[in-house]
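Please read it alongside the sequence and structure shown here.

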Amino acid sequence: ENNNELYIASKLETNLEMQGFAGLRSKVPARPHFEAWFRHEIPEQAMACTIQKVLQTINPPPEEIQQQIINSDSSERNAIALDRYETSQILGAKMIRVQSGNWTALQASKFFNYNFPCAKYIINTRLNTDNQVASQKNTFKRKVPLELEKLQDRIKRQNDFLTQFAQYMSEDKARLIYMEEWTNNVTQLNEVVEWLGFRNCQYDKVLHNNKDGYHHDDSSIDLGGGCLAP
């Protein structure tokens, strides 16, 4: 979990579109009272590398890689070790709060398409909202319980956001799945794995993360001996 860090990062970009930055060009005289804002045109996707770096930041190298870099005597070897690690990784993020930001599904889809043009998105939601409501009530205890109707309305709006987000993305970039289906049918999960670009990778079963609350599922899985990353 990352507390919706990429939504926070999106504010860096939207701030550039606000009054002051928006529409200013180096070849056009500044409007009255806007001389202080006069600057060269900001290139398209100028913030993309910065925002992609946020994703790298919330996916730090494992401790053994960091220790290897710290213990190395050569700064050159440090850079090589880190570069070798980063170029071999497929980064991702769990974004269960992306629908909670102050933006629409369309705005969110444009942000991610713009700054992560090669990324793929798995949108997971539920068909049975009654069970979803019950799960949230049982998991997140509040001193002042949220009224049932308000909780139902919030969950509906969040699910609608996720569904719309998937619709705004192209089919080759986003996959909408439903928890009730893939948790009971590992074939659906394997279809998603293949869609992501992995080859000869087949889950033999589904692990249950946050089992009985926030516990780990200690079961082992087998993806097959010929599993290849994209």
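With ring centres required to lie within 6.5 Å, the count comes to eight aromatic pairs. One of them joins F111 and F112 edge-to-face, at 5.0 Å centre to centre with 80 degrees between the planes. The model is predicted.

**Rings**

- The 80 degrees between the planes of F111 and F112 is over the 60 degrees required, and therefore the pair counts as edge-to-face.
- Both F111 and F112 are buried.
- A cluster linked by ring pairs takes in Y7, W103, F111, F112, F116, Y121 and F165.

**Charge over a ring**

- The face of W195 has K120 lying over it, at 4.8 Å from the ring centre.

- Helix α7, which covers residues 148–168, contains N159.
- Is N159 buried or exposed? The relative accessible area of N159 is 8%, and because the limit for buried is under 20%, N159 counts as buried.
- Which residues does N159 contact, apart from neighbours within four places in sequence? They are T125, R126, T129 and Q132.
- With T125, the contact includes a polar one between the two side chains, at 3.0 Å.
- L127 is 32 residues from N159 along the chain, and their C-alpha atoms are separated by 9.2 Å.

Terms used. Residues are numbered from 1 along each chain as its sequence is written. This is a predicted model: local features need pLDDT of at least 70, side-chain atom pairs count only at pLDDT 80 or more; totals for chains, interfaces and linings use all residues. Side-chain values use heavy atoms; hydrogens and water are left out. Rings of Phe, Tyr and Trp (its six-membered ring) pair if their centres lie within 6.5 Å; planes under 30 degrees apart count as stacked, over 60 as edge-to-face and the rest as tilted. Buried means under 20% relative accessible area, exposed over 50%, partly exposed in between (1.4 Å probe, protein chains only). A charge sits over a ring if NZ of Lys or CZ of Arg is within 6 Å of the ring centre and within 35 degrees of the ring normal. Helices (H or I, at least four residues) and strands (E, at least two) are DSSP runs, numbered from the N terminus. Contact means heavy atoms within 4.5 Å. A polar contact is a pair of N or O atoms within 3.5 Å; within protein, one must be able to donate a hydrogen and the other to accept it, and residues adjacent in sequence count only if both atoms are side-chain atoms.
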